[in-house]
Structure formats: C-alpha cells, structure tokens
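Let's take a walk through a protein structure together.

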Amino acid sequence: MAKAKKPKDWIAGAIKHPGALHKKLGVPEGEKIPAKKMEKAAKSKNPTTRRQVTLARTLSGLRK
C-alpha cells in the first residue's frame, strides 16, 4: 500500500487569505496578535476563525 505524498510546500497551500486573521481581529498587519485576542478568537462560534487561530499557532511554533 503506497503512502500519500505530502506536498513539499504545504504551508503555501494552507494560507489562502494572508492577513485575514489580522483583519478579522482588528490588528494591523506586521504587529503581533495579543494572546488574549487569540484566546478569544479560538473560542469563536465561527469555525473558519477557529481554524485560522490554530494554523497561526502552528506556524508560530515552526519558527522557533
């Protein structure tokens, strides 16, 4: 049974609308989103917002 290949640049495919989370949370691009705003957005009723927060947290961990 062959394994499915992971795309090499999965991050580029994961980010469909760069800056959308910043815009949604009212934080200017280039500034860091405060932790309290991220926590509040993570508990949002909107599933897209929750996914964006999860992706943002994942990507911030990759940088270290």
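Start with how the chain folds back on itself: among contacts between residues at least 6 apart in sequence, 37% join residues at least 24 apart. Keep in mind that this is a predicted model.

What is the chain built from? You will find four helices and zero strands, so the pattern along the sequence reads α-α-α-α by the DSSP runs that define these elements. The chain has 64 residues, and 14% of them count as buried. Its accessible surface comes to about 5,800 Å², with 58% of that belonging to carbon and sulfur atoms.

How confident is the predictor? The average pLDDT of the chain is 88, and 89% of the residues score at least 70. Confidence is highest in helix H3, at a mean of 95, and lowest in helix H1 (residues 10-14), at 79.

Now look for empty space. Rolling a probe the size of a water molecule over the atoms shows where such space is left. The largest pocket holds about 800 Å³. Helices H2 (20-25), H3 (35-42) and H4 (47-62) each give two or more residues to its lining. Which helix gives the largest share of that lining? That is H4, with eight residues. In total, 26 residues line the largest pocket, and Leu21, Gln52, Leu55, Ala56 and Arg57 lie nearest its centre. Sorted by class, the lining has twelve nonpolar, eight charged and six polar residues.

Methods: Residues numbered from 1 in each chain as written. Predicted model: local features only at pLDDT ≥ 70, side-chain atom pairs only at ≥ 80, totals over all residues. Heavy atoms only, no water. 1 Å grid on protein atoms, 1.4 Å probe; cavity = no way out; pocket = protein on both sides within 12 Å on 5 of 7 lines; lining within 4 Å. Points joined across faces, edges and corners; volume = space filled by probe spheres on them. Nonpolar A, V, L, I, M, F, W, Y, C, P; charged D, E, K, R; others polar. pLDDT = per-residue confidence, 0-100. Buried < 20%, exposed > 50% of the residue type's maximum accessible area, 1.4 Å probe, protein only. Contact = heavy atoms within 4.5 Å. Areas by Shrake-Rupley, 256 points an atom, 1.4 Å probe, with all protein chains shown as cover.
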